[in-house]
Amino acid sequence: MFFKGRTGDMEMRSSEKKDPSAEASTLPSHRTYDAVLVANMLDVEDDEDEAQKSQKRQAFLQQLKKKKIKVTHITQAGKEFYGLRAPDEIFEDYQYLLKVSDSCNWIGEVNGAINQANRIRIVDFILHQTFVNSKDNLEKLISEDVFETTFCLHERKTQKELREEWARWSALFTAQPVNKIKEYFGEKVALYYLWLGWYTKLLVPAAALGVVVFLYALAFFNTNPLIKEVCHSNITMCPRCDDDRCPVWQLSVTCTYAKVSHLFDNEGTVAFAMFMAIWATLFLEFWKRIRATHVSAWHVYDWCEEEEELIMEIVNNPDCEAKQFSHSYLQSTLVLILITLMLIVIIGFTHALVVFRVVAAPLMSQSDWKLLKEHANIAAVLLGAVLHYITIQIMNRVNRWVSHKLCDIEKLNSSAAKERSFTVKMFTFQFFTLFSSLFYVAFFLGRINGHPGQYVRIAGFRLEECDPSGCLTDLFIQMAVIMLLKQTLNNIVEFTGPWVKSLLSKKAEKRMKRKCGHCYRKACRVEPCDICKLQDWLRNYHLCRSDAFSLFEEFLEMVIQFSFTTIFVAAFPLAPLLALINNIFEIRLDAIKMTRLEQRLVPRKTNDIGVWTKVLEAVGVLAVITNGLVIGITSDFIPRLVYRYHYGPCAGGSTNTHCMEGYINDTLSTAYMINNDTKTFIHSKQRHLFNVTECSYRDYRNEDNELSHKFWLVLAARFAFVILFEHVVVVCKFIAAWFVHDNPIHVKNSRQTNKMSRLKKELRLKKRNKSTEV
């Protein structure tokens with residue numbers, strides 16, 4: 001059949017028979033297609049390779065037709081479009097198997113019509129489980145350029161409703177239509193937005209308390225005696241490097257650094273860290289209740305992913321055989337070894353960043369720029385954080401590729417198992433990529449660098465030292481830079497990429513677009529003509545591609561953000577606020593992408609967010625351990641307490657001075673610039689350059705460079721606090737988890753009532769059938 005548009009250059013042909021009477025009698029009740037295949041037109045006469053591709057293409061389409069899938073073929077501008085529509089028998093078989101299954105017989109699709117989201121999901125499964133020559137599936141055919149791509153169509157009416165109600169910037173603070181999202185995108189996408197919305201709501205109290213802690217520190221900013229002691233100090237500090245151009249320096253030049261340290265290293269952060277640990281538990285427990293409520297209303301509470309996959313395999317091929325479970329200790333050992341090697345490589349990149357900072361800091365301290373010279377350590381930390389962010393972006397692709405290959409080695413027997421395995425591996429690799437550097441800054445920076453006369457060196461350069469005001473500010477800078485860059489730049493790239501492509505594709509779409517003015521509007525509303533079909537297919541074809549990893553990437557991004565918000569929150573109380581601001585925009589940004597700029601995601605059915613729940617629980621436990629160590633080991637909270645009650649003025653009963661007066665000087669040790677039998681010799685080639693005989697450095701050592709009694713007392717107090725903190729918080733977490741039930745009572749009652757109603761209905765139906773037979 002040929003139609004001529006305004007430009008006169010559009011040729012269309014349909015592989016369907018155009019018998020009007022027959023078509024009218026078998027007209028489907030819906031007008032959209034379940035899937036569309038796209039391929040490039042081939043020159044089968046002059047190119048043998050393209051002839052083989054054409055044969056494979058026709059063989060694949062023939063396999064679909066054997067399964068009674070209706071194929072509509074339209075060509076346009078060098079592209080071949082194949083619209084696929086599955087027969088009702090497929091979905092009737094699917095519903096029957098659901099009804100007799102063990103775990104899926106309570107879902108909503110056992111009776112009534114199958115909605116378009118489920119039609120798309122089932123047909124997509126059939127497409128990817130259809131083989132040519134028993135080995136070439138659709139994924140391989142696409143990689144061989146037999147087909148270009150496949151996509152499912154947006155439903156314009158529902159798409160418009162979602163745009164107006166949900167996917168717009170003016171709806172930032174309105175509730176999400178989760179039920180409509182579920183009907184259109186499936187339960188998996190709906191649960192993601194439900195989880196993200198709940199996470200964003202729970203960030204409000206966390207962000208508010210974080211701001212209160214920050215303001216508390218700000219209120220005592222100008223009266224804090226520790227800041228005054230640093231800013232008004234005349235203490236001479238030891239050189240930062242061994243070069244002649246690294247002079248001794250005055251402690252007072254770190255006045256700004258001391259002020260920033262006080263904002264994030266104060267008594268309020270201890271209480272805030274405890275709150276966030278309990279907050280993480282309450283967030284997960286209440287999320288389980290919300291999930292239970294919604295999946296019960298959607299009739300997928302007892303749904304089993306593996307069992308439904310078996311059902312769809314039978315629907316696709318009634319003669320199929322069950323995939324056998326298998327396990328190989330050799331494969332598991334190989335995968336474990338490869339994972340370990342990958343983690344070693346990632347940690348190696350962290351060491352490379354450490355070397356960069358070790359080399360950069362002394363080089364910057366020798367700069368001719370006064371500002372850079374005075375703030376060399378801060379500049380090195382900032383540059384290291386930026387370099388770390390670049391490394392994260394590169395390793396993101398590497399981690400994904402390695403995770404895929406490891407899953408291929410495992411040879412898992414179901415898509416659900418593959419997804420779980422891939423998720424755990426990918427998150428593990430990403431976690432080490434993102435947090436290895438932070439763990440170094442938190443727990444090793446300034447603790448393994450040695451002391452004057454016995455510095456630890458890498459490639460001849462001394463390791464970094466902490467500022468006299470503490471190491472927590474370095475951790476804060478590292479976290480702030482990575483979090484801000486990751487959230488801001490990722491969102492910009494994530495949105496502008498599809499947006500720019502959408503603008504560019506509109507021109508091509510306009511060139512191909514044809515109006516349906518010659519068609520009868522009534523007939524077109526029931527079954528569109530080829531021109532109307534092509535318009536709809538082209539509109540969807542020119543949108544950005546989407547696949548199963550589109551939603552995975554969104555989940556991964558949010559879970560990593562959750563890790564930042566909880567694990568090192570003691571060093572950065574404003575992290576929940578940044579996460580809250582980001583998520584308010586993230587929800588609408590993702591919604592706009594999915595409904596306006598990207599091809600429709602293949603709907604997936606599920607009753608949970610899957611293995612992500614276990615990942616979040618693991619992050620919550622790790623947060624307790626890490627924050628206890630950050631407060632006890634990294635921050636100066638414990639040394640300040642020891643000084644206040646054991647060494648400070650108040651310990652001796654003095655009330656005329658502040659209890660923390662003299663603390664900074666108490667944390668410094670003295671190194672001497674002279675050489676004799678009892679003093680430490682520092683720089684033989686430098687001592688004539690400085691008019692000083694001694695300098696100070698941060699450590700608890702006596703004149704013989706041995707660790708002092710004060711060091712061991714502080715260390716004991718640190719470990720005692722860590723043990724006490726973690727035990728108290730863990731007990732609070734267990735109490736919170738016990739107090740909040742996963743499953744609300746009204747959900748239990750509703751499920752019980754519905755099950756009884758269903759069983760009674762089945763019994764009545766059995767009796768009715770029996771009486772009919774009699």
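Biologist: What is the torsion about the S-S bond of Cys-231 and Cys-255, and is the disulfide right-handed or left-handed?

Modeller: This is a predicted model, in which local features need pLDDT of at least 70 and side-chain atom pairs count only at pLDDT 80 or more, while totals for chains, interfaces and linings use all residues. Residues are numbered from 1 along each chain as its sequence is written, and side-chain values use heavy atoms, with hydrogens and water left out. Cys-231 and Cys-255 form a disulfide (a pair of cysteine sulfur atoms within 2.5 Å), with their sulfur atoms 1.9 Å apart. The torsion about their S-S bond is about 80 degrees, so the disulfide is right-handed.

Biologist: Where in the chain do Cys-231 and Cys-255 lie, and how many residues apart are they?

Modeller: Helices here are DSSP runs of H or I with at least four residues, and strands are runs of E with at least two, numbered from the N terminus. The pair links distant parts of the chain, with Cys-231 in helix α9 (residues 225-231) and Cys-255 in helix α10 (residues 255-264), and the separation is 24 residues.

Biologist: How many residues apart in sequence are the parts that Cys-238 and Cys-695 tie together?

Modeller: The sulfur atoms of Cys-238 and Cys-695 are 2.0 Å apart, and the two form a disulfide. Because Cys-238 lies in the loop between β5 (236-237) and β6 (249-250), whereas Cys-695 belongs to strand β12 (residues 694-698), the parts tied together are separated in sequence by 457 residues.

Biologist: Is Cys-650 buried, partly exposed or exposed?

Modeller: Cys-650 is joined to Cys-659 by a disulfide with an S to S distance of 1.7 Å, and the torsion of about -80 degrees makes this disulfide left-handed. Buried means under 20% relative accessible area, exposed over 50% and partly exposed in between, with a 1.4 Å probe and protein chains only. Cys-659, at 18%, is buried. Cys-650 has a relative accessible area of 27%, so the class is partly exposed.

Biologist: Why does Ala-175 count as exposed?

Modeller: Ala-175 is placed in the loop between α6 (156-165) and α7 (178-185). From C-alpha to C-alpha, Ala-175 is 9.2 Å from Glu-165, and the two are 10 residues apart in sequence. Ala-175 counts as exposed because its relative accessibility is 66%.
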